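Hi everyone, thanks for making the time. I'd like to walk you through one model today, and I'll begin with the ligand before moving on to the domains.

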Amino acid sequence: MGAARLTIDLDAICANWRALDALSDNEVETAAVVKADAYGIGATRVAKALVEAGARSFFVALVEEGIAVRGMLGTQPDIYVFAGHMAGKSDALVSARLIPLLNAPDQMSRHVENTPSHPFGVQLDTGMNRLGFEPSEWNDCKGELLESAPLLVMSHLACADEPDHPMNALQLDAFRGMTDGIPARRSLAATGGILLGPKYHFDLTRPGVGLYGGQPFGEARPTVHLDVPVIQTRTVQPGETVGYGNTWTATSPTRVATISAGYADGLLRAAAPGAVVFAGNTPCPVVGRISMDLITVDVSGLHEVPGSLQVIGRNSSVDAFAEAAGTIGYEVLTSLGARYERVYLPQ
Ligand SMILES: *Cc1c(COP(=O)(O)O)cnc(C)c1O
(Lines give C-alpha, C1' and ligand atoms only; values in the text may rest on other atoms or scores of the structure.)
Protein backbone atom coordinates (compact mmCIF):
# COMPACT_ATOMS: atom_id res chain seq x y z
CA MET A 1 0.00 0.00 0.00
CA GLY A 2 1.43 3.36 -1.03
CA ALA A 3 0.04 6.84 -1.14
CA ALA A 4 -2.98 7.98 0.80
CA ARG A 5 -6.21 7.87 -1.12
CA LEU A 6 -8.44 10.91 -1.60
CA THR A 7 -11.92 9.88 -2.68
CA ILE A 8 -14.01 12.68 -4.17
CA ASP A 9 -17.76 12.19 -4.31
CA LEU A 10 -19.01 14.14 -7.33
CA ASP A 11 -22.60 13.05 -6.61
CA ALA A 12 -22.35 14.66 -3.18
CA ILE A 13 -21.07 17.88 -4.77
CA CYS A 14 -24.03 17.88 -7.18
CA ALA A 15 -26.42 17.15 -4.28
CA ASN A 16 -24.96 20.11 -2.37
CA TRP A 17 -25.41 22.33 -5.44
CA ARG A 18 -29.07 21.27 -5.72
CA ALA A 19 -29.62 21.83 -1.99
CA LEU A 20 -28.16 25.34 -2.22
CA ASP A 21 -30.19 25.99 -5.38
CA ALA A 22 -33.35 24.96 -3.52
CA LEU A 23 -32.71 27.69 -0.91
CA SER A 24 -33.45 30.45 -3.42
CA ASP A 25 -36.48 31.12 -5.61
CA ASN A 26 -36.80 29.45 -9.00
CA GLU A 27 -35.92 32.55 -10.95
CA VAL A 28 -32.61 32.94 -9.09
CA GLU A 29 -29.75 31.24 -10.91
CA THR A 30 -27.32 29.20 -8.80
CA ALA A 31 -23.81 29.34 -10.24
CA ALA A 32 -20.72 27.50 -8.98
CA VAL A 33 -17.36 28.87 -7.83
CA VAL A 34 -14.53 26.59 -9.00
CA LYS A 35 -11.55 28.84 -8.30
CA ALA A 36 -8.32 27.37 -6.89
CA ASP A 37 -8.98 24.08 -8.69
CA ALA A 38 -12.46 23.87 -7.16
CA TYR A 39 -11.04 24.43 -3.67
CA GLY A 40 -8.40 21.75 -4.23
CA ILE A 41 -10.91 19.13 -5.35
CA GLY A 42 -10.36 19.32 -9.14
CA ALA A 43 -11.99 22.12 -11.16
CA THR A 44 -12.48 20.33 -14.47
CA ARG A 45 -14.05 17.21 -12.90
CA VAL A 46 -16.26 19.28 -10.63
CA ALA A 47 -17.37 21.68 -13.38
CA LYS A 48 -18.25 18.82 -15.72
CA ALA A 49 -20.36 17.10 -13.05
CA LEU A 50 -22.12 20.37 -12.18
CA VAL A 51 -22.94 21.13 -15.82
CA GLU A 52 -24.63 17.74 -15.98
CA ALA A 53 -26.51 18.66 -12.79
CA GLY A 54 -27.72 21.86 -14.47
CA ALA A 55 -25.24 24.63 -13.57
CA ARG A 56 -24.82 27.22 -16.34
CA SER A 57 -22.39 29.75 -14.85
CA PHE A 58 -19.00 29.28 -13.24
CA PHE A 59 -16.58 31.58 -11.46
CA VAL A 60 -12.79 31.33 -11.28
CA ALA A 61 -10.17 33.65 -9.79
CA LEU A 62 -7.74 33.73 -12.71
CA VAL A 63 -7.78 33.62 -16.50
CA GLU A 64 -5.55 30.51 -16.44
CA GLU A 65 -8.14 28.68 -14.34
CA GLY A 66 -10.86 29.78 -16.73
CA ILE A 67 -8.98 28.39 -19.72
CA ALA A 68 -8.75 24.98 -18.06
CA VAL A 69 -12.46 24.94 -17.22
CA ARG A 70 -13.40 26.13 -20.72
CA GLY A 71 -11.34 23.29 -22.20
CA MET A 72 -13.46 20.79 -20.29
CA LEU A 73 -16.88 22.42 -20.69
CA GLY A 74 -16.96 23.45 -24.34
CA THR A 75 -18.44 26.74 -25.47
CA GLN A 76 -21.80 26.85 -23.67
CA PRO A 77 -21.45 27.79 -19.98
CA ASP A 78 -20.55 31.29 -18.83
CA ILE A 79 -17.21 31.49 -17.03
CA TYR A 80 -16.57 34.65 -14.99
CA VAL A 81 -13.11 35.76 -13.81
CA PHE A 82 -12.94 37.52 -10.42
CA ALA A 83 -9.53 39.09 -11.15
CA GLY A 84 -11.18 40.93 -14.02
CA HIS A 85 -9.33 42.19 -17.09
CA MET A 86 -5.65 42.16 -16.16
CA ALA A 87 -2.82 43.50 -18.33
CA GLY A 88 -1.67 40.99 -20.94
CA LYS A 89 -4.81 38.85 -20.68
CA SER A 90 -7.01 40.38 -23.39
CA ASP A 91 -6.32 37.73 -26.05
CA ALA A 92 -6.78 34.86 -23.61
CA LEU A 93 -10.08 36.30 -22.35
CA VAL A 94 -11.40 36.49 -25.90
CA SER A 95 -10.14 33.17 -27.18
CA ALA A 96 -11.49 31.22 -24.18
CA ARG A 97 -14.65 33.38 -24.07
CA LEU A 98 -14.10 34.26 -20.41
CA ILE A 99 -16.09 37.08 -18.82
CA PRO A 100 -13.90 39.44 -16.81
CA LEU A 101 -15.49 41.08 -13.77
CA LEU A 102 -14.07 44.57 -14.22
CA ASN A 103 -13.12 45.92 -10.81
CA ALA A 104 -11.64 49.38 -11.33
CA PRO A 105 -11.54 52.25 -13.87
CA ASP A 106 -8.17 51.12 -15.28
CA GLN A 107 -9.63 47.69 -16.07
CA MET A 108 -12.59 49.36 -17.72
CA SER A 109 -10.24 51.41 -19.94
CA ARG A 110 -8.24 48.31 -20.83
CA HIS A 111 -11.42 46.47 -21.73
CA VAL A 112 -12.79 49.31 -23.87
CA GLU A 113 -9.47 49.75 -25.69
CA ASN A 114 -8.55 46.09 -26.25
CA THR A 115 -11.81 44.17 -26.41
CA PRO A 116 -14.68 46.67 -26.83
CA SER A 117 -17.29 44.14 -27.93
CA HIS A 118 -16.29 41.33 -25.54
CA PRO A 119 -18.82 40.52 -22.78
CA PHE A 120 -17.95 41.59 -19.24
CA GLY A 121 -19.34 41.94 -15.74
CA VAL A 122 -18.69 44.52 -13.04
CA GLN A 123 -17.52 44.00 -9.48
CA LEU A 124 -18.44 46.66 -6.90
CA ASP A 125 -16.88 47.30 -3.52
CA THR A 126 -19.55 47.56 -0.83
CA GLY A 127 -17.20 47.76 2.14
CA MET A 128 -14.87 44.78 2.05
CA ASN A 129 -12.18 46.90 0.40
CA ARG A 130 -10.67 44.02 -1.53
CA LEU A 131 -11.89 44.05 -5.14
CA GLY A 132 -14.34 46.24 -7.00
CA PHE A 133 -15.26 49.79 -8.05
CA GLU A 134 -15.50 52.18 -5.11
CA PRO A 135 -18.87 53.95 -4.89
CA SER A 136 -17.41 57.19 -6.28
CA GLU A 137 -15.71 55.39 -9.17
CA TRP A 138 -18.94 53.57 -9.93
CA ASN A 139 -20.75 56.90 -10.02
CA ASP A 140 -18.28 58.22 -12.58
CA CYS A 141 -18.18 55.08 -14.75
CA LYS A 142 -21.70 53.72 -14.34
CA GLY A 143 -23.15 55.42 -17.40
CA GLU A 144 -20.50 54.10 -19.75
CA LEU A 145 -20.44 50.62 -18.19
CA LEU A 146 -24.22 50.17 -18.24
CA GLU A 147 -24.42 51.39 -21.83
CA SER A 148 -22.32 48.37 -22.83
CA ALA A 149 -24.76 46.01 -21.07
CA PRO A 150 -22.69 44.11 -18.47
CA LEU A 151 -23.79 40.50 -18.04
CA LEU A 152 -23.61 40.79 -14.25
CA VAL A 153 -23.05 43.40 -11.56
CA MET A 154 -21.83 41.85 -8.33
CA SER A 155 -20.33 42.47 -4.92
CA HIS A 156 -19.06 40.25 -2.10
CA LEU A 157 -19.97 40.03 1.60
CA ALA A 158 -17.21 40.18 4.21
CA CYS A 159 -19.08 38.63 7.16
CA ALA A 160 -21.80 36.42 5.68
CA ASP A 161 -20.72 33.43 7.78
CA GLU A 162 -21.90 35.42 10.84
CA PRO A 163 -25.64 35.92 10.26
CA ASP A 164 -26.00 38.51 13.04
CA HIS A 165 -23.07 40.62 11.96
CA PRO A 166 -24.22 44.22 11.24
CA MET A 167 -21.87 44.32 8.23
CA ASN A 168 -24.31 42.12 6.27
CA ALA A 169 -27.13 44.68 6.34
CA LEU A 170 -24.69 47.54 5.71
CA GLN A 171 -23.35 45.85 2.58
CA LEU A 172 -26.84 44.93 1.40
CA ASP A 173 -27.88 48.59 1.71
CA ALA A 174 -24.74 49.76 -0.04
CA PHE A 175 -25.26 47.28 -2.88
CA ARG A 176 -28.89 48.27 -3.32
CA GLY A 177 -27.95 51.92 -3.22
CA MET A 178 -25.43 51.41 -5.99
CA THR A 179 -27.53 49.09 -8.17
CA ASP A 180 -31.29 49.45 -7.60
CA GLY A 181 -32.97 50.12 -10.92
CA ILE A 182 -30.04 49.27 -13.18
CA PRO A 183 -30.80 47.17 -16.28
CA ALA A 184 -28.37 44.35 -15.39
CA ARG A 185 -28.48 41.07 -13.48
CA ARG A 186 -27.13 41.34 -9.96
CA SER A 187 -25.30 39.01 -7.54
CA LEU A 188 -24.26 39.45 -3.91
CA ALA A 189 -24.39 36.06 -2.18
CA ALA A 190 -21.77 33.33 -1.86
CA THR A 191 -22.53 30.32 0.39
CA GLY A 192 -22.98 32.42 3.53
CA GLY A 193 -25.14 34.96 1.71
CA ILE A 194 -27.47 32.26 0.41
CA LEU A 195 -28.13 31.24 4.03
CA LEU A 196 -28.91 34.87 4.99
CA GLY A 197 -32.15 34.63 3.03
CA PRO A 198 -33.94 35.88 -0.10
CA LYS A 199 -33.06 39.58 0.33
CA TYR A 200 -29.46 38.65 -0.39
CA HIS A 201 -30.08 36.44 -3.44
CA PHE A 202 -30.78 38.93 -6.28
CA ASP A 203 -30.52 37.24 -9.74
CA LEU A 204 -27.60 34.87 -9.26
CA THR A 205 -25.85 33.24 -6.28
CA ARG A 206 -22.20 32.14 -6.23
CA PRO A 207 -21.65 29.27 -3.78
CA GLY A 208 -18.19 27.78 -3.40
CA VAL A 209 -17.39 26.11 -0.10
CA GLY A 210 -20.95 24.86 0.44
CA LEU A 211 -20.64 22.75 -2.71
CA TYR A 212 -17.57 21.08 -1.29
CA GLY A 213 -19.06 20.21 2.09
CA GLY A 214 -17.65 23.02 4.21
CA GLN A 215 -19.10 25.43 6.76
CA PRO A 216 -21.13 27.63 6.89
CA PHE A 217 -23.44 25.25 4.98
CA GLY A 218 -24.13 22.89 7.88
CA GLU A 219 -26.44 20.65 5.85
CA ALA A 220 -23.76 19.93 3.24
CA ARG A 221 -22.92 16.35 2.45
CA PRO A 222 -19.23 15.53 2.92
CA THR A 223 -17.50 15.37 -0.46
CA VAL A 224 -13.97 14.24 0.31
CA HIS A 225 -12.73 11.15 2.12
CA LEU A 226 -9.06 10.82 2.94
CA ASP A 227 -7.79 7.36 3.87
CA VAL A 228 -4.16 7.13 4.92
CA PRO A 229 -2.34 3.78 5.06
CA VAL A 230 -0.82 2.56 8.31
CA ILE A 231 2.90 1.89 7.74
CA GLN A 232 3.85 0.54 11.15
CA THR A 233 2.52 0.08 14.69
CA ARG A 234 4.40 -0.22 17.98
CA THR A 235 3.75 -0.14 21.71
CA VAL A 236 5.20 2.86 23.50
CA GLN A 237 5.94 2.42 27.20
CA PRO A 238 5.20 4.96 29.96
CA GLY A 239 7.82 7.70 29.92
CA GLU A 240 8.67 7.24 26.24
CA THR A 241 8.02 10.04 23.79
CA VAL A 242 6.70 10.21 20.23
CA GLY A 243 7.80 12.39 17.33
CA TYR A 244 9.84 15.58 16.81
CA GLY A 245 10.49 17.70 19.85
CA ASN A 246 9.33 14.96 22.27
CA THR A 247 6.04 16.83 22.64
CA TRP A 248 4.02 13.77 23.69
CA THR A 249 4.92 11.36 26.47
CA ALA A 250 3.11 8.07 27.12
CA THR A 251 1.61 7.75 30.59
CA SER A 252 0.52 4.15 30.05
CA PRO A 253 1.45 1.50 27.46
CA THR A 254 0.12 2.96 24.22
CA ARG A 255 -0.29 1.40 20.81
CA VAL A 256 0.91 3.94 18.25
CA ALA A 257 0.30 3.68 14.50
CA THR A 258 2.33 5.68 12.01
CA ILE A 259 0.37 6.70 8.89
CA SER A 260 1.79 7.84 5.56
CA ALA A 261 0.76 11.47 5.09
CA GLY A 262 1.83 14.71 6.72
CA TYR A 263 2.03 18.44 6.36
CA ALA A 264 3.50 18.12 2.86
CA ASP A 265 0.08 16.70 1.95
CA GLY A 266 -1.76 19.65 3.42
CA LEU A 267 -2.40 18.07 6.81
CA LEU A 268 -1.39 21.21 8.59
CA ARG A 269 1.25 20.82 11.28
CA ALA A 270 -0.76 23.14 13.53
CA ALA A 271 -3.52 20.50 13.77
CA ALA A 272 -1.54 18.62 16.41
CA PRO A 273 -2.22 18.35 19.23
CA GLY A 274 -5.98 18.21 18.80
CA ALA A 275 -6.66 16.40 15.54
CA VAL A 276 -8.49 13.08 15.66
CA VAL A 277 -8.56 10.44 12.92
CA PHE A 278 -10.96 7.51 12.66
CA ALA A 279 -10.94 3.75 12.30
CA GLY A 280 -14.54 3.23 11.22
CA ASN A 281 -16.47 5.06 13.93
CA THR A 282 -13.71 4.87 16.55
CA PRO A 283 -11.78 8.09 17.16
CA CYS A 284 -7.98 7.83 17.43
CA PRO A 285 -6.15 10.95 18.64
CA VAL A 286 -3.05 12.21 16.86
CA VAL A 287 -0.08 12.10 19.25
CA GLY A 288 3.14 14.08 18.90
CA ARG A 289 3.88 16.51 16.09
CA ILE A 290 2.71 16.06 12.51
CA SER A 291 5.79 15.40 10.34
CA MET A 292 6.23 16.20 6.65
CA ASP A 293 5.17 12.73 5.48
CA LEU A 294 3.96 10.98 8.63
CA ILE A 295 1.44 11.25 11.44
CA THR A 296 1.50 9.21 14.65
CA VAL A 297 -1.82 8.12 16.12
CA ASP A 298 -2.91 6.50 19.39
CA VAL A 299 -4.74 3.35 18.29
CA SER A 300 -4.92 1.75 21.75
CA GLY A 301 -8.72 1.85 21.54
CA LEU A 302 -8.83 -0.54 18.58
CA HIS A 303 -9.09 -4.33 18.73
CA GLU A 304 -7.43 -4.58 15.39
CA VAL A 305 -5.54 -1.86 13.53
CA PRO A 306 -6.96 -1.50 10.00
CA GLY A 307 -4.85 -1.06 6.87
CA SER A 308 -5.66 2.65 6.80
CA LEU A 309 -7.14 5.36 9.00
CA GLN A 310 -9.55 8.06 7.86
CA VAL A 311 -8.28 11.61 8.38
CA ILE A 312 -11.18 13.34 6.60
CA GLY A 313 -14.58 11.79 6.00
CA ARG A 314 -17.96 11.06 7.47
CA ASN A 315 -16.82 11.25 11.10
CA SER A 316 -14.09 13.83 10.64
CA SER A 317 -15.11 16.85 8.58
CA VAL A 318 -12.69 19.22 6.92
CA ASP A 319 -13.93 21.79 9.41
CA ALA A 320 -13.08 19.57 12.39
CA PHE A 321 -9.53 19.11 11.11
CA ALA A 322 -9.37 22.84 10.38
CA GLU A 323 -10.51 23.71 13.89
CA ALA A 324 -7.72 21.61 15.39
CA ALA A 325 -5.31 23.63 13.26
CA GLY A 326 -6.89 26.97 14.21
CA THR A 327 -8.04 27.63 10.66
CA ILE A 328 -11.07 27.18 8.39
CA GLY A 329 -12.27 24.34 6.17
CA TYR A 330 -11.48 26.43 3.08
CA GLU A 331 -7.77 26.31 3.91
CA VAL A 332 -7.75 22.56 4.58
CA LEU A 333 -9.52 21.87 1.28
CA THR A 334 -7.30 24.13 -0.81
CA SER A 335 -4.22 22.59 0.83
CA LEU A 336 -5.13 18.99 -0.10
CA GLY A 337 -1.93 17.52 -1.41
CA ALA A 338 -0.71 16.54 -4.85
CA ARG A 339 0.65 13.19 -3.64
CA TYR A 340 -2.71 11.60 -2.98
CA GLU A 341 -4.09 8.94 -5.24
CA ARG A 342 -7.30 10.65 -6.34
CA VAL A 343 -10.42 8.64 -7.00
CA TYR A 344 -13.51 10.38 -8.37
CA LEU A 345 -16.91 8.76 -7.73
CA PRO A 346 -18.88 7.89 -9.72
CA GLN A 347 -16.09 6.87 -12.07
C1 LIG B 1 -14.61 32.69 -3.20
C2 LIG B 1 -15.71 33.59 -3.58
C3 LIG B 1 -17.03 33.12 -3.63
C4 LIG B 1 -17.43 31.78 -3.06
O5 LIG B 1 -17.43 31.90 -1.64
P6 LIG B 1 -17.83 30.71 -0.67
O7 LIG B 1 -17.78 31.32 0.69
O8 LIG B 1 -16.80 29.65 -0.85
O9 LIG B 1 -19.17 30.24 -1.05
C10 LIG B 1 -18.00 33.96 -4.16
N11 LIG B 1 -17.69 35.21 -4.59
C12 LIG B 1 -16.43 35.69 -4.52
C13 LIG B 1 -16.16 37.08 -4.99
C14 LIG B 1 -15.40 34.93 -4.01
O15 LIG B 1 -14.16 35.42 -3.93
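Let me start with a question: how far is a nitrogen atom of the ligand from an N or O atom in the side chain of His156? This is a predicted model, so please take the number as computed: the distance to that His156 side-chain atom is 3.4 Å.

Two further contacts are worth a look. In the side chain of Arg206, an N or O atom is 3.0 Å from a nitrogen atom of the ligand. Gly208 takes part through its backbone instead: one of its backbone N or O atoms lies 2.8 Å from an oxygen of the ligand. As for cover, the ligand on its own would expose 390 Å², and the protein buries 92% of that.

Where is the ligand, then, in terms of pockets? It sits in the largest pocket.

Now for the surroundings. There are 14 residues around the ligand, and those that come nearest are Lys35, Tyr39, Thr191, Val209 and Tyr330. By type, the shell splits into 8 nonpolar residues, 3 polar ones and 3 charged ones.

Let's zoom out to the whole chain. The domain assignment gives domain 1 as 31-212 and domain 2 as 224-345. How far apart are the C-alpha centres of domain 1 and domain 2? They are separated by 38 Å. The two domains do meet: 8 residues of domain 1 are in contact with 6 residues of domain 2.

That's my tour, and I'm happy to go back to any part of it.

Definitions and conventions. Residues are numbered from 1 along each chain as its sequence is written. This is a predicted model: local features need pLDDT of at least 70, side-chain atom pairs count only at pLDDT 80 or more; totals for chains, interfaces and linings use all residues. Side-chain values use heavy atoms; hydrogens and water are left out. A residue is near a molecule or strand if one of its heavy atoms lies within 4 Å of it. A polar contact is a pair of N or O atoms within 3.5 Å; within protein, one must be able to donate a hydrogen and the other to accept it, and residues adjacent in sequence count only if both atoms are side-chain atoms. Accessible areas come from the Shrake-Rupley method with a 1.4 Å probe; for residues, only the protein chains shown count as cover. On a 1 Å grid over the protein atoms alone, a cavity is a set of points where a 1.4 Å probe fits but cannot get out, and a pocket is an open set with protein on both sides within 12 Å along at least five of seven lines; lining residues have an atom within 4 Å of a point. A molecule sits in a cavity or pocket if more than half of its atoms lie within 2 Å of its grid points. Ala, Val, Leu, Ile, Met, Phe, Trp, Tyr, Cys and Pro count as nonpolar, Asp, Glu, Lys and Arg as charged, and the others, Gly among them, as polar. Domain bounds come from an automatic or database domain assignment. Contact means heavy atoms within 4.5 Å.
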